[in-house]
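Please open the structure in your viewer and keep the selection tool at hand. The tour goes from one selection to the next and says what is to be found at each stop.

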Amino acid sequence: PQALNRSRDLLLGSASPLLVIHVAPDGDAVGSLLGLGWMLRALGRDPTLSCQDALPQQLDFLPGFGEATTEPAGRFDLLVALDCSDPQRLGAIGGLPAVEGLPLLNVDHHATNLLFGTVNLVDTQVVSTTHIVYHLLPLLGVGLDERIATWLLTGLVTDTRGFRTSNVTPDVASFILRRERAAITVIVEGLSTGLAVFQSVRTARVIVCFDSGNMLPVVQHIK
């Protein structure tokens with residue numbers, strides 16, 4: 001709770017934060033970047049979304065995909081590292097003069113995290129960094145809408161290999177619930193992650209429904 005509250009204070013006290021995800025980004029990193037970025041914009045902040053490497057094209061179905069930059073420029077008052085276990089994972093962006101001396105919010109779920117932030121919002125018990133971002137929603141006073149749910153669900157699905165890893169619990173399923181039941185539409189184009197639910201799908205619309213009485217997702221392919 002203390003780390004969550006300190007994270008909230010850093011984010012609410014920032015006007016122009018720079019959000020950075022790890023090199024060679026995956027679905028959890030991208031979902032966290034876009035989700036938190038939208039949350040901050042909803043609060044009137046002006047975040048810059050960045051990554052040293054281009055975002056993977058198989059995630060271009062995500063709203064806001066084209067807004068991330070590989071060359072952030074401007075003046076920033078906070079650096080937010082998302083899904084990065086150590087500073088080196090930030091790549092060249094972590095060494096930019098514009099970020100020198102900035103307070104650093106480190107948001108991650110990896111057990112190997114080096115706790116390199118001014119504030120470390122690190123929870124190794126959750127399955128994705130998007131799960132941590134989800135817990136910031138009520139603290140920041142932002143509601144869960146379809147776009148935010150889609151970004152967060154992307155991280156959850158990719159980091160659990162389609163809800164197949166051993167750390168998937170009822171809490172993981174309920175994390176995305178809204179009023180006990182939710183239906184999120186995810187447009188998948190050529191995902192190459194090997195997820196069981198997407199193995200035979202090249203271009204599809206996937207509706208993932210969660211029921212509070214069943215932790216397993218119900219997947220329907222819409223033609």
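Start by selecting helix α2, which is mostly covered, since 13 of its 16 residues are buried, where buried means under 20% relative accessible area, exposed means over 50% and partly exposed lies in between, with a 1.4 Å probe and protein chains only. What you see is a predicted model, in which local features need pLDDT of at least 70 and side-chain atom pairs count only at pLDDT 80 or more, while totals for chains, interfaces and linings use all residues. Residues are numbered from 1 along each chain as its sequence is written, and side-chain values use heavy atoms, with hydrogens and water left out.

Helices (H or I, at least four residues) and strands (E, at least two) are DSSP runs, numbered from the N terminus. With α2 still selected, at residues 27–42, follow the helix from its first C-alpha to its last: the reach is 22 Å, close to the 22 Å expected at 1.5 Å a residue, the expected span being 1.5 Å times one less than the number of residues. Just after α2, click on G44, which takes a positive phi of about 85 degrees.

Next, select helix α1, residues 2–12, and colour S7, L10 and L11, which are buried. Seen down the axis of α1, these buried residues fall within an arc of 95 degrees, so they line one face of the helix; the arc is that of the directions from the helix axis to the C-beta atoms. An α-helix has 3.6 residues a turn, so residues three or four places apart point the same way.

W38 lies in α2 and W151 in helix α4 (residues 146–159), so the pair ties together parts that are 113 residues apart in sequence. W38 is partly exposed at 28% relative accessible area, whereas W151 is buried at 3%.

Finally, select C51 and C84. The sulfur of C51 is 8.1 Å from the closest cysteine sulfur, in C84, too far for a bond, a disulfide being a pair of cysteine sulfur atoms within 2.5 Å. A search of the whole structure finds zero disulfides.
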